[in-house]
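I open this notebook to keep track of what I look up in the structure shown below. I want each entry to say plainly what I searched for and what I found.

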Amino acid sequence: METRAVAKFVRISPQKMRIIIKEVRGKTLEEAIAILSFMPKKGAKILADLIKSAAANASQNLGLDIDTLRLKKVYADEGPMLKRWRPRAQGRATRIRKRTSHITVIVDEI
């Protein structure tokens, strides 16, 4: 039985999030949280909180044991972009794209 947790509209680009996700995909929850706790990136804390939420969903809703769970699927999809403008030389302007992510964590029993 699998359970999921989703974080939407997170203010980090999916490209940066996928670098972190590659490190923990397929690991047990303990290993993943241990890896993320020593990772000096903004997305590591976001992902760790999301993994804890998925574990809480599994134990609360399905009655699964947290020690027997592993990360089955973890992925980051692109959310909507916030578009801003930055003034440049000679009256021009360039677009700034502030990207957002939809992050999904699916946990399953070993």
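The entries below go from the ground rules to the sheet, the core, some single residues and the salt bridges.

**Ground rules.** I note that this is a predicted model, in which local features need pLDDT of at least 70 and side-chain atom pairs count only at pLDDT 80 or more, while totals for chains, interfaces and linings use all residues. I number residues from 1 along each chain as its sequence is written, and I keep in mind that side-chain values use heavy atoms, with hydrogens and water left out.

**The sheet.** I looked up how the strands are arranged, taking helices (H or I, at least four residues) and strands (E, at least two) as DSSP runs numbered from the N terminus, and counting two strands as paired if DSSP finds at least two bridges between them. I found an open sheet of three strands in the order β1-β5-β2, with antiparallel pairing. Because β1 (2–10) and β2 (69–78) stand at the edges with a single partner strand each, one side of each has no neighbour in the sheet. From one strand to the next, the twist averages 15 degrees; for such angles, axes are lines fitted to C-alpha atoms, for helices over the stretch in contact, and the values run from 0 to 180 degrees between N-to-C directions.

I then looked at one pairing in detail: β2 and β5 (residues 101–109) run antiparallel and are joined by nine bridges. Arg-70 has Asp-108 of β5 opposite to it. I also noted that helix α3 (residues 42–62) lies across β1, β2 and β5, and that it runs at about 145 degrees to β1.

**The core.** I asked which residues touch the most other members of the largest nonpolar core. A nonpolar core is a set of buried Ala, Val, Leu, Ile, Met, Phe, Trp, Tyr and Cys residues joined through side-chain atoms within 4.5 Å, where buried means under 20% relative accessible area, exposed means over 50%, and partly exposed lies in between (1.4 Å probe, protein chains only). This core has 28 residues, and those that touch the most other members are Leu-36, Leu-47, Ile-51, Leu-71, Val-105 and Val-107. Two or more residues come from each of β1, α1 (14–24), α2 (29–37), α3, β2 and β5, and α3 gives the most, with eight residues.

Leaving aside its neighbours within four places in sequence, Leu-71 is in contact with residues including Val-24, Leu-29, Ile-51, Val-105 and Val-107.

**Ser-101.** The Ser-101 side chain reaches the backbone oxygen of Ile-12 at 2.5 Å. Apart from neighbours within four places in sequence, the contacts of Ser-101 include Ala-7, Phe-9, Pro-14 and Asp-77.

Phe-9, although not a glycine, has a positive phi of about 60 degrees; Phe-9 is in strand β1 and is exposed, with a relative accessible area of 54%. Gln-90 also has a positive phi, near 60 degrees; Gln-90 lies in the loop between β3 (82–87) and β4 (93–98) and is exposed at 72% relative accessible area.

**Salt bridges.** How many salt bridges does a search of the whole structure find? The search finds three, each being a side-chain nitrogen of Lys or Arg within 4 Å of a carboxyl oxygen of Asp or Glu.

- Lys-72 and Glu-2 meet through their side chains at 2.6 Å, N to O; since Lys-72 lies in β2 and Glu-2 in β1, the pair ties together parts that are 70 residues apart in sequence.
- Lys-45 and Asp-49 meet at 3.1 Å, N to O, and both lie in helix α3, four residues apart, about one turn of the helix. Lys-45 is exposed at 58% relative accessibility, whereas Asp-49 is partly exposed at 38%.
- Arg-99 and Glu-78 have their closest N and O atoms 3.6 Å apart, and the pair links Arg-99, in the loop between β4 and β5, to Glu-78 in strand β2, 21 residues apart.

Note on methods. Contact means heavy atoms within 4.5 Å. A polar contact is a pair of N or O atoms within 3.5 Å; within protein, one must be able to donate a hydrogen and the other to accept it, and residues adjacent in sequence count only if both atoms are side-chain atoms.
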